[in-house]
Amino acid sequence: MRTSTTYRPLQVLRRMAAAVLFSAISFAGATAQTDFEQRIAELGMQDIQNDWSDSTDITLPTPTCAYANITGFSSLPARKTDNYKGWIEVYDGSGNYFKKRIFASTQGKATMGYPKRNIKIDFCNDEWVGEETPDVTFGDWVEQDGFHLKAFYNDFFKGTSVVSYRTFGLLSLGRGENGRIWERANLKKPDSRALCYPDGFPVVVYFNGKFHGIYGWLLKKNRKNMNQKKNTPEHIHIEGYPLNLPIIWDGVINWKKLQVRTPKDLYDMDGKKYDDESPTELMDETSPYYDLATDDDKTREQKQNSAKVKQYLINMSKYFAEINALISSGASRAQIRAAIEERYDIPSIMDYVIHNLLTVNWDGVHKNYQWFTYDGKKWCIAPYDLDNTFGYGSYRILPPGQYDNCASLARQSFYHCPTTWVMKFYKPDMYERWAYLRDNGHINADIIYSLFDQWYHAVGEDNYALDHAMWPNSDSLRPDIDREPWSQVPFDFNTFKNAPTWNADDTYEKGTIVTLYSRLYKTSKTVKGVNPCVQYGYLDSLARIYPYMKAHIEAMDTYMQYKFTSIPKSYILNVTSVGWSTLCIPFRFAIPEGMKLYTVNGQHPTGGLKLQEVTEPEAYKPYLVQAAPGRYELTGYTEEEPDNTTGLWTEGNLSGTLSPRYVPQGAYVMQNHNGHLGFYRVTEDGKVKMGANKAWLTLDGAEANSFALEVDTTDGITTAGEMPAIVSIHDINGVRQSRPGKGVSIIRYSNGKTIKVAR
């Protein structure tokens with residue numbers, strides 16, 4: 001990680017000036033802190049280790065949960081045409097900070113109707129000209145100069161879409177070498193970080209210092225993440241709304257609805273620069289403005305590229321008819337498959353179909369997919385805009401019975417566009433692919449639940465409470481309320497298929513069942529003009545995910561003609577930038593390279609924790625994990641659960657849990673306080689909740705408030721040292737306090753360090 005910016009003179013002077021100003025305000029008795037500043041102080045993030053504000057190249061670890069404050073304008077953008085000039089300051093939770101100028105606008109079509117909208121931010125280093133932009137890199141993402149802040153208004157988790165993207169990533173992991181789509185294209189000097197789909201992390205957004213909500217900080221659709229070059233005519237990336245048969249697949253291109261996102265600097269038939277936000281027909285040799293003799297070299301190349309891209313797209317638009325003609329000619333199955341594989345990247349289409357069925361992405365069978373090519377001939381597909389997955393539909397949560405209905409409809413809907421070739425000519429291959437993913441533990445209910453669980457606890461229940469209070473009308477927070485004489489009945493697909501849709505002008509006899517908002521309602525008496533629904537909603541929760549996924553994957557197993565010979569298990573362990581975590585999972589696994597596991601076996605005479613490295617982890621045993629930051633897929637096989645009446649699993653001084661539960665008073669939990677990672681004592685029952693598959697520390701007779709995680713192997717004994725103790729606490733006037741109070745408190749530690757904390 002780059003640290004050269006930490007001690008630059010300008011930044012030191014800036015922070016000293018800010019500290020002097022802050023002290024002057026405090027001594028005057030004023031409370032000048034915003035809600036954002038108070039929250040940053042509460043979380044201990046105000047002690048900045050690296051200030052990147054003046055950097056043109058920012059490289060940070062992927063935040064567990066970032067905090068951002070947007071300023072510079074009185075209201076957030078509300079229209080597509082809005083393009084506000086402002087600032088954003090970001091704390092990543094690991095001691096990194098930056099404040100940058102931004103252009104802010106809205107993003108997305110469907111979310112424009114919600115009170116909490118997506119925000120598109122583009123960074124600039126100049127005075128809001130946009131010609132000088134920084135490169136910002138998080139973790140193993142490609143660098144970008146702008147990102148999307150996704151509101152996910154009707155999503156309880158504010159990150160279901162990200163979990164769905166990461167589920168697609170599991171399918172890529174399951175392919176091993178050449179798993180990512182671009183790896184099969186034989187590119188020259190590719191960027192190994194390109195995903196071909198977005199990823200994200202949670203960010204708590206404040207606006208002008210006031211809490212505004214939980215967002216997802218996501219990669220946008222960008223050629224770098226697709227591993228495509230800006231001006232290479234063979235590197236084409238298209239989309240449309242929707243991108244279905246009438247748009248391109250039936251041989252006649254609707255240029256007004258087909259968006260060519262890459263390459264850039266193209267021309268249209270009228271001699272104007274091509275704009276993918278308002279698409280028009282691309283230029284070719286028949287345009288009166290295709291006069292290469294009078295153009296400069298740059299313009300000539302761009303017009304020639306336009307004609308090349310257009311021809312590639314025209315050729316692709318004929319693929320569907322060409323393959324159908326080959327089928328009609330009586331060609332063999334081998335000949336048909338060879339023709340398909342010449343035109344399409346079958347592995348990506350197969351993974352797209354499996355992922356779509358797995359996540360019940362019914363919104364992705366006719367749109368929200370990305371089609372792209374690296375040679376102008378063979379086309380690949382990847383998912384995008386995955387809000388309507390894992391039970392969500394039309395930006396709401398569907399009733400439980402509708403899950404299977406959506407999956408059934410998705411299977412039927414794949415019989416159009418290029419996805420049809422997988423369903424018709426590659427079903428045995430798809431069944432084999434599903435069996436591989438299941439047998440090797442890449443896909444199961446546990447691993448997908450763990451992705452939701454990690455996102456949920458990264459956000460934190462306190463932030464969810466703030467968001468729910470700020471946006472209480474989200475459908476995911478409201479129950480369904482029926483209106484007499486109607487009442488909901490359990491969902492049944494055949495009933496749903498045959499029932500009429502409720503209409504205010506129709507009369508319904510007693511016992512009639514109608515459909516409305518994907519629900520089934522039955523009337524207890526003759527009725528007309530009475531809407532069956534008073535309030536539409538669904539109370540979502542983390543507890544919904546595991547049983548839903550378990551039942552849905554069982555249905556997928558049946559559809560894919562798969563039966564277990566054993567039950568594989570998987571868990572995704574997310575190690576943040578602090579390099580430590582805890583773990584308790586119900587299966588054995590091989591320790592990944594670069595990871596170490598420890599048990600805690602009492603205290604060393606010096607007061608530190610005594611750690612014992614483990615080389616062969618066991619099921620149902622809690623461990624302390626040390627590893628480089630990243631996501632690690634741990635796989636194994638089902639083991640019989642030992643007798644246990646408490647739901648806790650112990651090994652040495654660690655206690656592990658397979659499901660979320662509160663940590664008892666006196667135990668120690670791993671936390672990052674003010675840049676100090678360690679085990680901190682829990683002072684009260686029912687206050688600190690541990691996430692699933694995690695562990696805490698219990699030490700009888702321990703008196704320390706905390707233990708640091710700074711491994712020392714002196715004399716061959718591995719220990720974790722005791723954190724420095726608090727010596728005294730004073731207010732800003734020097735009066736001693738028992739604990740930090742409102743305003744500014746000065747805390748002195750036993751190691752000589754003094755910090756200021758503002759509340």
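Is Phe-156 buried or exposed? In this predicted model, Phe-156 has a relative accessible area of 8% and is buried, because the cut-off for a buried residue is under 20%. The residue sits in the loop between strand S8 (146-150) and helix H3 (160-173). Its aromatic partner is Tyr-456, a residue of helix H13 (residues 445-459). Tyr-456 also counts as buried, at 11% relative accessibility.

A pair of aromatic rings is described by the distance of the centres and the angle of the planes. For Phe-156 and Tyr-456 the centres are 6.4 Å apart and the planes make an angle of 15°. The pair is therefore classed as stacked, since planes under 30 degrees apart fall in that class.

In total, the structure holds 40 aromatic pairs. One aromatic cluster is formed by Phe-98, Phe-123, Phe-138, Trp-141, Phe-147, Phe-201 and Trp-217. Aromatic rings also take part in arrangements with lysine side chains. The charged end of Lys-99 sits over the ring of Trp-87, at 5.5 Å from the ring centre. Lys-303 lies over the face of Tyr-267, with a distance of 5.5 Å to the centre of the ring.

An open sheet is built from 4 strands in the order S12-S11-S13-S14, with antiparallel pairing. Its edges are formed by strand S12 (258-262) and strand S14 (379-383), each of which pairs on one side only. From one strand to the next, the twist averages 30°. Strands of a sheet pair through backbone hydrogen bonds, either parallel or antiparallel. Strand S13 (residues 369-373) and S14 are joined in the antiparallel sense over 5 bridges. Within this pairing, Tyr-369 has Pro-383 of S14 as its bridge partner.

Helix H9 (residues 346-359) packs on the sheet and touches S13 and S14. The direction of H9 makes about 25° with that of S14. Ile-346 belongs to this helix and is buried, with a relative accessible area of 7%. Leaving aside residues up to four places away in sequence, Ile-346 touches Ile-340, Glu-341 and Tyr-426. The C-alpha atoms of Ile-346 and Ile-381 are separated by 9.1 Å, the two residues being 35 residues apart along the chain.

Note on methods: Residues are numbered from 1 along each chain as its sequence is written. This is a predicted model: local features need pLDDT of at least 70, side-chain atom pairs count only at pLDDT 80 or more; totals for chains, interfaces and linings use all residues. Side-chain values use heavy atoms; hydrogens and water are left out. Two strands pair if DSSP finds at least two bridges between them. Helices (H or I, at least four residues) and strands (E, at least two) are DSSP runs, numbered from the N terminus. Axes are lines fitted to C-alpha atoms, for helices over the stretch in contact, and angles run from 0 to 180 degrees between N-to-C directions. Contact means heavy atoms within 4.5 Å. Buried means under 20% relative accessible area, exposed over 50%, partly exposed in between (1.4 Å probe, protein chains only). Rings of Phe, Tyr and Trp (its six-membered ring) pair if their centres lie within 6.5 Å; planes under 30 degrees apart count as stacked, over 60 as edge-to-face and the rest as tilted. A charge sits over a ring if NZ of Lys or CZ of Arg is within 6 Å of the ring centre and within 35 degrees of the ring normal.
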